[in-house]
Amino acid sequence: QVELVESGGGLVQPGGSLRLSCAASGSIFRFADMAWYRQAPGNQRELVAGHTSGGTTKYADSVSGRFTISRDNAKNTVYLQMNSLKPEDTAVYYCNADILVVDGLRPVRYWGQGTQVTVSS
């Protein structure tokens, strides 16, 4: 069994910063792609940033230049550094990871439970 747990969300003023973490635990053999998504009330879940196992990163146009995704494979953790936050960044942020478990045949996508980010003065 694999579990992803996000942390680091909260309330921040416009222009501020937050760093989200997503730690995976369980019988993990190898990580493949990892990503952060977000979902605001009334909106569909959208991709914020992705990080492939090969090191390629991609960002939504709305966060490019402000957010940075990184990963620490030794700690089974993916991060999202969010700078210059705007009220429109308010959402529940979810991480996901494609994980190959011990004795598994192929990677399976797992999701975290989400962490709330609120940007407001």
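**A salt-bridge network and an open sheet**

R38 and E46 form a salt bridge, with their closest N and O atoms 2.7 Å apart; the term asks for a side-chain nitrogen of Lys or Arg within 4 Å of a carboxyl oxygen of Asp or Glu. Keep in mind that this is a predicted model, where local features need pLDDT of at least 70, side-chain atom pairs count only at pLDDT 80 or more, and totals for chains, interfaces and linings use all residues. Residues are numbered from 1 along each chain as its sequence is written, and side-chain values use heavy atoms, leaving out hydrogens and water.

Back to R38: it counts as buried at 6% relative accessibility, while E46, at 35%, is partly exposed (buried is under 20% relative accessible area, exposed over 50%, partly exposed in between, with a 1.4 Å probe and protein chains only).

Now follow R38 to D89, its partner in another salt bridge (3.0 Å, N to O). D89 sits in the loop between strand 8 and strand 9 (91-101) and R38 in strand 4 (residues 28-39), so this pair ties together parts 51 residues apart in sequence. Strands here are DSSP runs (E, at least two residues), numbered from the N terminus.

D89 also meets R66 in a salt bridge (2.8 Å, N to O). D89 is buried at 0%, and R66 is buried too, at 11%. Put together, R38, E46, R66 and D89 are linked in a network of salt bridges.

Four strands make an open, antiparallel sheet in the order 1-3-8-7, where pairing takes at least two DSSP bridges between two strands. Strand 1 (2-7) and strand 7 (67-72) are at the edges, each with a single partner strand, so one side of each has no neighbour in the sheet. Six bridges join strand 7 to strand 8 (residues 77-82), and T68 stands opposite Q81 in strand 8.
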